[in-house]
Amino acid sequence: KTLSNLCPLSLEAAQFILSNDELEGKEAMSVLSDIAESEVKFYTGSVDFTIKFCLQIIQNNYPQEEISSLALEIVTTICEKRPKLVRNNAELLQSVCMAVGTRMLMTTHEVDEDWSNPAVIKDDGADDDADSDPIKEG
């Protein structure tokens, strides 16, 4: 609980770092994402502030796409691990859904040749052992 008081200060520090150096800002966002993944309770007292901070980053479209992706990762991790924190805030949920939807529409995936034309897999029957029954042997 004591460390959660540092959340707003951590976000403000990350915002300051992002405004001065995107490479260092990416590292700061990575740390915040790691915190969300390992100890989401850190954000409990500042969920609204955290999500608004991340949504602002997502909407700013930083040249380094990883920064926006990390912000989105923080938001989705909080929503997945602590849904009660955002469930009752319809406005916040709508903003999250809009940001995620917009981000999905903006994502471009290049389909490489291997994906569109997978190699033919030969079935030599080596895995077919009619004499063994894994349920009976297990």
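This is a predicted model: local features need pLDDT of at least 70, side-chain atom pairs count only at pLDDT 80 or more; totals for chains, interfaces and linings use all residues.
Me: What does the secondary structure of the chain come to?
Reply: It comes to eight helices and zero strands. Read along the sequence, that gives the pattern α-α-α-α-α-α-α-α.

Me: What makes α1 roughly parallel to α3?
Reply: Start with the angle: helix α1 (residues 7-20) and helix α3 (residues 47-60) pack at about 15°, and their axes are 10 Å apart. Angles under 35 degrees count as roughly parallel, so α1 is called roughly parallel to α3. The crossing of the two is left-handed.

Me: Which residues of α1 and α3 make that contact?
Reply: From α1 come Cys-7, Pro-8, Leu-11, Glu-12, Ala-14, Gln-15 and Leu-18, and from α3 come Phe-49, Thr-50, Phe-53, Gln-56 and Ile-57. Sorted by kind, the residues of this contact are eight nonpolar, three polar and one charged.

Me: And why is α3 called roughly antiparallel to α4?
Reply: Here the angle is about 150°, with the axes 8 Å apart. Anything over 145 degrees counts as roughly antiparallel, so that label goes to α3 and α4. Their crossing is left-handed.

Me: Which residues of α3 and α4 meet?
Reply: On the α3 side they are Val-47, Thr-50, Ile-51, Cys-54, Ile-57 and Ile-58. On the α4 side they are Ile-67, Ser-68, Ala-71, Leu-72, Ile-74, Val-75 and Ile-78. The residues of this contact divide into eleven nonpolar, two polar and no charged.

Me: How do you know that Ser-46 counts as buried or exposed?
Reply: Look at its relative accessible area, which is 10%. Buried means under 20%, so Ser-46 is buried. Ser-46 sits in the loop between α2 and α3. Leaving aside neighbours within four places in sequence, Ser-46 is in contact with Cys-7 and Pro-8. Those two residues also belong to the α1 side of the contact with α3.

Me: How much of the chain do buried residues make up?
Reply: They make up 28% of the 138 residues.

Me: Which residues have the most contacts inside the largest nonpolar core?
Reply: They are Met-29, Leu-32, Tyr-43, Ile-51, Phe-53 and Ile-57, in a core of 30 residues. The elements giving two or more residues to this core are α1, α2 (22-38), α3, α4 (65-81) and α6 (90-106). As a general background point, nonpolar side chains in soluble globular proteins tend to be buried together.

Me: What is Tyr-43 in contact with, leaving aside its neighbours within four places in sequence?
Reply: Tyr-43 is in contact with Cys-7, Leu-11, Leu-32, Ile-35, Ala-36, Thr-50 and Ile-78. Among them, Cys-7, Leu-11 and Thr-50 take part in the contact of α1 with α3.

Me: How many of the contacts in the chain with a separation of 6 or more join residues 24 or more positions apart?
Reply: Such residues account for 70% of those contacts.

Key. Residues are numbered from 1 along each chain as its sequence is written. Side-chain values use heavy atoms; hydrogens and water are left out. Axes are lines fitted to C-alpha atoms, for helices over the stretch in contact, and angles run from 0 to 180 degrees between N-to-C directions. Helices (H or I, at least four residues) and strands (E, at least two) are DSSP runs, numbered from the N terminus. Angles under 35 degrees count as roughly parallel, over 145 as roughly antiparallel, 65 to 115 as roughly perpendicular and the rest as oblique. A crossing is left-handed if the near helix is turned anticlockwise from the far one by less than a right angle, and right-handed if clockwise. Contact means heavy atoms within 4.5 Å. Ala, Val, Leu, Ile, Met, Phe, Trp, Tyr, Cys and Pro count as nonpolar, Asp, Glu, Lys and Arg as charged, and the others, Gly among them, as polar. A nonpolar core is a set of buried Ala, Val, Leu, Ile, Met, Phe, Trp, Tyr and Cys residues joined through side-chain atoms within 4.5 Å. Buried means under 20% relative accessible area, exposed over 50%, partly exposed in between (1.4 Å probe, protein chains only).
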